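These are my notebook entries on a structure I looked up.

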Amino acid sequence: MRIVSGMRPTGRLHLGHYFGVLRNFLKLQEEGNRCFYFVADWHALTTSYKNSEELKKNTEHMMRMWLGVGLSPKKSTLFIQSLVKEHSELSLLLSMITPKSWLEWNPTYKDLKYNLLRISELSKELKERVGESLKNFLPSLNLKVHKPQKFQEFMLEKFTSSLIDALFEGLIEGETLRELNTSKKQYYEIDTFGFLGYPVLQTADIIVYKGEGVPVGEDQLPHIELSREIVRRFNRLYGKTFPEPRAILTESPKLLGFDGRKMSKSYKNAIYLDEEEESLRKKVMAFFTDPQKLRRGDPGRPNLCPVFSYHRLLTPKEKTLQIEEDCKKGILGCVDCKKIFLNSLKNFLEPIKERYERVSPSYAWEVFKEGSLKAREVAGKTLEEVREKMNLP
Ligand code: TRP
């Protein structure tokens, strides 16, 4: 089967990436599929074009970590999206046949629009309050005002937007402002053409290699669904050219962070694949467990415990069964259970970390640049076919 997938280089890779996606990258590679795996640096720019100075460093980290976990250029084509310009040409051509409404219905985009709407409602509310205060405040300044009405509106506009800026700078907080917290700042920044078109580029990424299987995290399902629709439309318009790609999920698509929420960099609850020993210990000891198990003698409920979900993945089977039994009986305390967890984690992470450190940045770039040339050969052939079908020279 032809396998295609990419990941956005947005920061350090963590266990959620490994068990949610990378594990499948490896499995599919070892099963002898034709695999194309790329660092989606263009996609990273859709959300973080303002801090693009991080991009190279993050790309480098991702390349080294992929090699660290065992992806191999001998078995898979490993490359960088932006070095294969054919993705962008196909994306442009697909954009011609993709109805705007399909993109506007995409959950990530709808979420953005909803939040922008909330922000504007809250700003309006804030403005009303500021307006009342200005009515008293401005006259108290004893100024000679030429156009009172216009001046009032002018000051109101400026004052309100200064307040919102101050909020985003972390200088103030308050009742009306609560929902407008700093994390909302990014919504202003990503209402772009590129963000709307994200799934079109993603579709091009996949079908330029005629990808059939796409190992991704659960959050990507709506995007893959859109890709299938775009493919169907293309095939109908220009004749059967592309297979309909389907998503491939791992068995544990959602891994919990140490605070019991989904593991994510933005929640700051992640365990990184290159985590240092001391912070690893701290994170493990801070891990949430069954809230009803307060002390050693209390019986626990392993099925509800985030730590136990990790034992399932990392601790040898027999030992895991023992832990389950002893926890339920109340013989095993959470601290001891976490010590076993820490040990399992170390055994798992050490070889990865070691290989990661052995991969030099220059070697990683070499591998991925060479991979990009190979990817271009395949992608170029697809584009010749597409140009012909669309009657381009
Ligand atoms: N959108 C994916 C993510 O955020 C990354 C990605 C870009 C991708 N292009 C792709 C995944 C093509 C699979 C196939 O994780």
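**Entry 1: aromatic rings.** I looked up Tyr18 and Phe19 in this predicted model and found that both are buried. I then searched the whole structure, which gave 14 aromatic pairs. In the pair of Tyr18 and Phe19, the planes stand at 80° with the ring centres 5.0 Å apart; planes over 60 degrees apart count as edge-to-face, so I recorded the pair as edge-to-face.

Next I turned to Phe25 and Tyr37, whose ring centres are 4.1 Å apart and whose planes are at 5°, so this pair is stacked. Because Phe25 belongs to helix α1 (residues 15-30) and Tyr37 to strand β2 (residues 34-39), the pair ties together parts 12 residues apart in sequence. Phe25 and Tyr37 are both buried.

**Entry 2: charges over rings.** I found the charged end of Arg12 over the ring of Tyr272, 4.3 Å from its centre. Arg64 lies over the face of Tyr356, 4.4 Å from the ring centre.

**Entry 3: the ligand.** Which residues come nearest to the ligand? Of the 13 around it, they are Arg8, Tyr198, Gln202, Asp205 and Gln220. I recorded a polar side-chain atom of Arg8 at 3.0 Å from an oxygen atom of the ligand. A polar side-chain atom of Tyr198 lies 2.7 Å from a ligand nitrogen atom. For Asp205, a side-chain N or O atom is 2.7 Å from a nitrogen atom of the ligand. The ligand alone exposes 360 Å², of which the protein buries 93%. I noted that α10 (198-207) gives the most to the shell, with 4 residues.

Definitions and conventions:
Residues numbered from 1 in each chain as written. Predicted model: local features only at pLDDT ≥ 70, side-chain atom pairs only at ≥ 80, totals over all residues. Heavy atoms only, no water. Near = heavy atom within 4 Å. Polar contact = N/O pair within 3.5 Å; in protein donor to acceptor, adjacent residues only side chain to side chain. Areas by Shrake-Rupley, 256 points an atom, 1.4 Å probe, with all protein chains shown as cover. Helix = DSSP H or I, 4+ residues; strand = E, 2+ residues; numbered from the N terminus. Phe/Tyr/Trp six-rings, centres within 6.5 Å; stacked < 30°, edge-to-face > 60°. Buried < 20%, exposed > 50% of the residue type's maximum accessible area, 1.4 Å probe, protein only. Lys NZ or Arg CZ within 6 Å of the ring centre and 35° of its normal.
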